[in-house]
Amino acid sequence: MIRVQNLVKSFGNFTAVNDVSFDVAAGEIFAFLGPNGAGKTTTIKMLTTLLRPNSGAIELDGLNPETHQNEARKRFGIVFQDPSLDGELSAWENMEIHGVLYHVPGKIRHKRAEELLKIFELWERRNDQVKKFSGGMKRRLEIARGFLHTPRILFLDEPTLGLDPQSRNQLWSHVKKVNESERVTVFLTTHYMDEADRVAHRVGIIDHGKLVTVGTPKAIKEQTGTESLEEAFLALTGSTIRDESAGSADQMRQFARMWSGGRR
Ligand SMILES: Nc1ncnc2c1ncn2[C@@H]1O[C@H](COP(=O)(O)OP(=O)(O)OP(=O)(O)O)[C@@H](O)[C@H]1O
């Protein structure tokens with residue numbers, strides 16, 4: 001479903017993503033795990049056609065996003081770290097706008113919005129203004145919205161950042177439900193090791209732009225002789241994961257710009 005070969009992205013002399021290769025199978029939940037600054041967001045931006053790689057190849061659902069950009073974009077949904085909902089509008093209206101932007105026909109759009117709002121436990125609150133929602137509810141709505149146009153792949157960049165453990169668990173149980181019922185491939189980034197361990201079928205550990213290992217959480221722990229991914233990370237990289245607050249503020253804006261024709 002996703003195939004990445006020898007991907008490289010440099011900013012000036014600095015190589016943010018350094019010769020990264022991996023495959024993600026259809027229907028898989030794949031976690032890209034690494035500390036802040038490891039190169040996760042840069043990789044997601046390249047996969048979602050927001051950034052052009054210096055070199056390497058990407059295939060999404062059999063398509064080369066460089067040559068089939070519009071077709072490729074229709075195949076995926078994306079939820080960035082920063083909120084992109086309109087707080088003045090209701091949950092239902094936020095879903096509607098997204099559906100219209102993606103040209104989902106009215107009948108299908110409404111049926112799907114209802115299903116997703118129910119799965120993500122927001123149906124009762126569909127007519128409330130989003131600004132009155134809790135952080136967890138807003139995240140759930142963003143993810144429900146990301147599924148609206150029935151993407152083949154959903155990209156989630158640090159979706160649980162800043163949420164309490166209960167909201168994180170709730171969010172993942174909903175994502176897993178859609179992943180299982182629709183076989184949507186989910187590519188997520190996180191620096192929460194425990195989360196990757198519980199949620200992902202397979203994990204890729206990235207540090208300083210290099211992919212250190214890829215495998216099931218179980219295999220990675222076995223390979224390193226450790227009990228947790230936290231320890232495995234330490235064994236593989238010689239350092240503990242740095243837990244800082246991630247703060248890139250411009251991704252949705254960039255995405256909007258990209259849709260209107262510009263690209264970095
Ligand atoms: N446009 C840019 N210009 C220069 N350096 C950049 C640019 N974008 C990212 N970087 C650098 O590339 C490195 C990787 O950044 P990236 O955002 O991919 O990390 P990350 O693993 O996603 O971390 P985070 O969770 O904080 O977003 C960082 O050192 C970052 O400062």
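1. Contacts of E142. Leaving aside neighbours within four places in sequence, E142 is in contact with V79, P83, S84 and L85. E142 belongs to helix α5, which covers residues 135-146. Between E142 and V79 there are 63 residues of sequence separation, yet their C-alpha atoms are 6.7 Å apart. E142 counts as buried because 23 C-beta neighbours lie inside 10 Å, where the cut-off for a buried residue is 20 or more.

2. Confidence. The model is a predicted one, and the remarks in this note should be read accordingly. Mean pLDDT for the protein is 88, with 91% of the residues at 70 or more. For the complex, the predictor reports an ipTM of 0.95 together with a pTM of 0.87. Residues 243-255 call for separate mention: pLDDT stays under 50 throughout this stretch, for which the model has 17 contacts beyond four places in sequence.

3. Ligand surroundings. The ligand is surrounded by 14 residues, of which F11, A16, K40, T41 and T42 are the closest. Two or more residues of this shell are given by each of the elements β2 (14-24) and α1 (40-47). The largest share comes from α1, with 3 residues. Classified by side chain, the shell holds 7 polar, 5 nonpolar and 2 charged residues.

4. N13 is placed in the loop between β1 (2-11) and β2. Is N13 buried or exposed? N13 is exposed, because its C-beta atom has 5 others within 10 Å, and the exposed class covers counts of 12 or fewer. The C-alpha atoms of N13 and R52 are separated by 16 Å, the two residues being 39 apart along the chain.

5. Nonpolar core. The largest nonpolar core comprises 66 residues, and A31, F155 and A196 have the most contacts inside it. Strand β3, residues 29-33, gives the most to this core, contributing 5 residues. What is A31 in contact with, leaving aside its neighbours within four places in sequence? The partners of A31 are L188, T190, A196, V199, A200 and V203. One of these partners, A196, is itself among the residues with the most contacts inside the core.

6. An unreviewed UniProt entry places the feature "domain: ABC transporter" at residues 2-233. In the model, that span is 39% helix and 25% strand, and its end C-alpha atoms lie 24 Å apart.

Technical notes. Residues are numbered from 1 along each chain as its sequence is written. This is a predicted model: local features need pLDDT of at least 70, side-chain atom pairs count only at pLDDT 80 or more; totals for chains, interfaces and linings use all residues. pLDDT is the predictor's confidence in each residue, from 0 to 100. Two residues are in contact if their C-beta atoms, placed from the backbone, lie within 7 Å. A residue is near a molecule or strand if its C-beta atom, placed from the backbone, lies within 6 Å of it. Helices (H or I, at least four residues) and strands (E, at least two) are DSSP runs, numbered from the N terminus. Ala, Val, Leu, Ile, Met, Phe, Trp, Tyr, Cys and Pro count as nonpolar, Asp, Glu, Lys and Arg as charged, and the others, Gly among them, as polar. UniProt positions are given in the numbering used here, feature names are shortened, and annotations may be inferred rather than shown by experiment. A nonpolar core is a set of buried Ala, Val, Leu, Ile, Met, Phe, Trp, Tyr and Cys residues joined through C-beta atoms within 7 Å.
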